Amino acid sequence: MSRLGLVLATWVFLGLDLGLSKPLLELGASGVAPSFLFILAAFVAMCGTGRAPFWTALALGLLADLMADVGLTSPDGRAVIIGPHALAFLVGTQLIIALRGVMIRRNPLTLGFLACTGAAVSQIVLVAILWVRMIFDPLAISPTHDLLVGLGGALYTGVLAVPLALVLLPAATFLGLPSQQPRRFSRHA
Amino acid sequence: MAPALSQRAPTITVVLLCVLALAVPARFHSWADWLQDKVSLLAAPIAQPLVLAGAWLRGAGTSMTDEAQLAYEEKIGFLESELLRQRQENARLTQVIRDLQSGLEMVRDQPVRVLQAGVFGYGTEARSPVLRVQAGKEQGVTPQSFAIAPGLQVVGRVVASAPRTCTLKPITARGGEALAGMVILSQGNPDGLRCTLSPTGEGTLRGPVEDRRDPATSASIEPVVGQTVRLDDPTWPKAARMLVLGRVERVEPSPDQPLRKVITVRPTVAGLDRLSEVVLWTPIMGEEARP
């Protein structure tokens, strides 16, 4: 896998997450917004080999942790907590790795489906971790509400992944991933 | 040895993450703020153009094309706030004179440093919306700094600052602090109805209003939809007093005390957690404030 390609792609998708996801793509004031970082993690999990999906999910999850302030009811107001998103991304991408064997990876809808299911599981894990943390941290969260928002965001992520797949699939070789494009006169379908 | 370690690296990493995520309290994660600042700086070159593009596509709240009209409206807003501040200051000075006569210490006024800064990112969690601003300690931002939007609308306070960036928490963010405000009953009169407003999480503030009666008629003085609500909170810097929190959108009877009213206030600028630029006000303290 090409580390330079992955770093560049991460930089672009992080910018999309920070600059477009919430400001432009959020559904009203509901908080439901897609996650570009998870779409990239899902793509690498779908196409990557070896340990690449694991380390990519870990790195992208850590970036998501760094960019996501968690509200506190204490005077501090907010905090950056390392770990919840990273673990959530890891679990979500493990599901994708388990499912990819029965999917047609060339199809853009596949990335949409995998991103949606992976993100849904990821959000469940994330909310569960934050719910456990409420035992010893003064977190300003509502687990039920946040779970519903997260599941809505997972669906949104899946929908957004379909058009992004049209860009990512041809760019797989740039990331050092096996090409997902059909080859002429290929022995295998 | 090395191959064994590389085989165990994923397991060790997952265990370490589980410990950090599930067992280490938030106050021990403060070292991550430094990392957040560095990552924010790296992402800013690509995030901010997208923020501006998003604001343009959205047709963001206040049009910046008619700059002269905008400047004029801001000037009027500034003068109105200044008038209320001066009248409040007059009332305070009268009290200070009385206090001096009993030997109490006088508190000096507070000048501010004004800095316009762009927003390059937003908190990615719906549970805690924050704004990441391209101004930090090197530009004079301090924990006392706060941000306003066009029309002198209060946006929020700085909750974290790094050398070149800072994080703002909007006043409408869910879980945010309660604010003491004042419903202005008539233009230019700083003696309005006091209220305590808390964020609802839906872009508005809500809270009870004091029960006051007209001394002449004993009739209840009630807030009216459309009245301006201004900040009058002693926990905020003096320079923030009488800035705009929003307008009264709804008046309802209090569920606990039917004779009292509860108001819902909506900021005059839509989407405080999605602004593309803000103006930071930083009170100037001590020696720096001397002419």
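## Contacts between the chains

Between chain A and chain B, eleven residue pairs, both members at pLDDT 80 or more, are in polar contact, meaning a pair of N or O atoms within 3.5 Å in which, within protein, one must be able to donate a hydrogen and the other to accept it, with residues adjacent in sequence counting only if both atoms are side-chain atoms. This is a predicted model, in which local features need pLDDT of at least 70 and side-chain atom pairs pLDDT 80 or more, whereas totals for chains, interfaces and linings use all residues. Residues are numbered from 1 along each chain as its sequence is written, chains are lettered from A in the order in which they are written, and side-chain values use heavy atoms, without hydrogens and water.

Two salt bridges cross the interface (a side-chain nitrogen of Lys or Arg within 4 Å of a carboxyl oxygen of Asp or Glu), and a salt bridge joins the side chains of B:Arg132 and A:Asp69 at 3.5 Å, N to O. On the side of chain A that touches chain B, H1(A) supplies the largest share, nine residues.

## The nonpolar core

The largest nonpolar core has 69 residues, and A:Phe13 and A:Leu37 are among those that touch the most other members; such a core is a set of buried (under 20% relative accessible area, 1.4 Å probe, protein chains only) Ala, Val, Leu, Ile, Met, Phe, Trp, Tyr and Cys residues joined through side-chain atoms within 4.5 Å. H2(A) gives this core its largest share, eleven residues.

## Chain B

Of the 291 residues in chain B, 43% are buried.

Conventions: Buried < 20%, exposed > 50% of the residue type's maximum accessible area, 1.4 Å probe, protein only. Helix = DSSP H or I, 4+ residues; strand = E, 2+ residues; numbered from the N terminus.
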